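Dear colleague,

Please find the structure below, together with its sequence. A short account of the findings follows it.

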Amino acid sequence: MKSQDPPLILVVDDEKEVLEKVANVLTEAGFDCQCCKTAQAAIEFAAMHTPDMIVSDINLGGHSGLEMCERIKEDEALKSVPIMFL
């Protein structure tokens with residue numbers, strides 16, 4: 001019997017320390033984490049890999065997490081991906 005892959009969580013924060021701490025907690029809890037430091041990088045990653053959930057800071061350098069959320073939700077394939085803000 002093949003084991004199921006862990007859920008993919010996309011973590012977005014422009015502060016390296018916060019990004020690493022959140023990713024470490026989620027990884028230890030059994031999730032597969034991908035980290036992005038910018039809204040644009042997160043949008044591009046999500047379009048290519050469809051995460052199971054996105055955890056994001058609201059204030060990202062140059063863009064807001066809300067703007068990123070709006071852009072992601074415009075993509076029909078990503079519309080149902082839950083987004084949680086820190």
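In helix α1, the residues Leu19, Val22, Ala23 and Leu26 are buried. These residues lie on the same side of α1, because the arc they cover around the axis is only 100°. Please note that the model is a predicted one.

The buried residues of α1 pack against β1, β2 and β3. On the face turned away from that buried side, α1 carries Glu17, Lys21, Val25 and Glu28, which are exposed. The length of the helix was also checked: at 1.5 Å a residue, 13 residues should span 18 Å, and the end C-alpha atoms of α1 are 18 Å apart, so the two values agree. After α1 comes Gly30, which has a positive phi, near 100°.

The sheet itself is open and consists of four strands with parallel pairing, in the order β2-β1-β3-β6. Its edges are formed by β2 (32-36) and β6 (83-85); each has a single partner strand, and therefore one side of each is left without a neighbour in the sheet. On average, and with direction ignored, neighbouring strands of this sheet are turned by 20° against each other.

Strand β1 (residues 8-12) runs parallel to β2 and is joined to it by five bridges. Within this pair, Ile9 stands opposite Cys33 of β2. Helix α1, comprising residues 16-28, packs on the sheet and touches β1, β2 and β3 (53-56), with its direction at about 170° to that of β2. Helix α2 (residues 39-49) lies across β1 and β2 and runs at about 170° to β1.

With kind regards

Note on methods. Residues are numbered from 1 along each chain as its sequence is written. This is a predicted model: local features need pLDDT of at least 70, side-chain atom pairs count only at pLDDT 80 or more; totals for chains, interfaces and linings use all residues. Side-chain values use heavy atoms; hydrogens and water are left out. Two strands pair if DSSP finds at least two bridges between them. Helices (H or I, at least four residues) and strands (E, at least two) are DSSP runs, numbered from the N terminus. Axes are lines fitted to C-alpha atoms, for helices over the stretch in contact, and angles run from 0 to 180 degrees between N-to-C directions. Contact means heavy atoms within 4.5 Å. The expected span of a helix is 1.5 Å times one less than its number of residues. Buried means under 20% relative accessible area, exposed over 50%, partly exposed in between (1.4 Å probe, protein chains only). The arc is that of the directions from the helix axis to the C-beta atoms.
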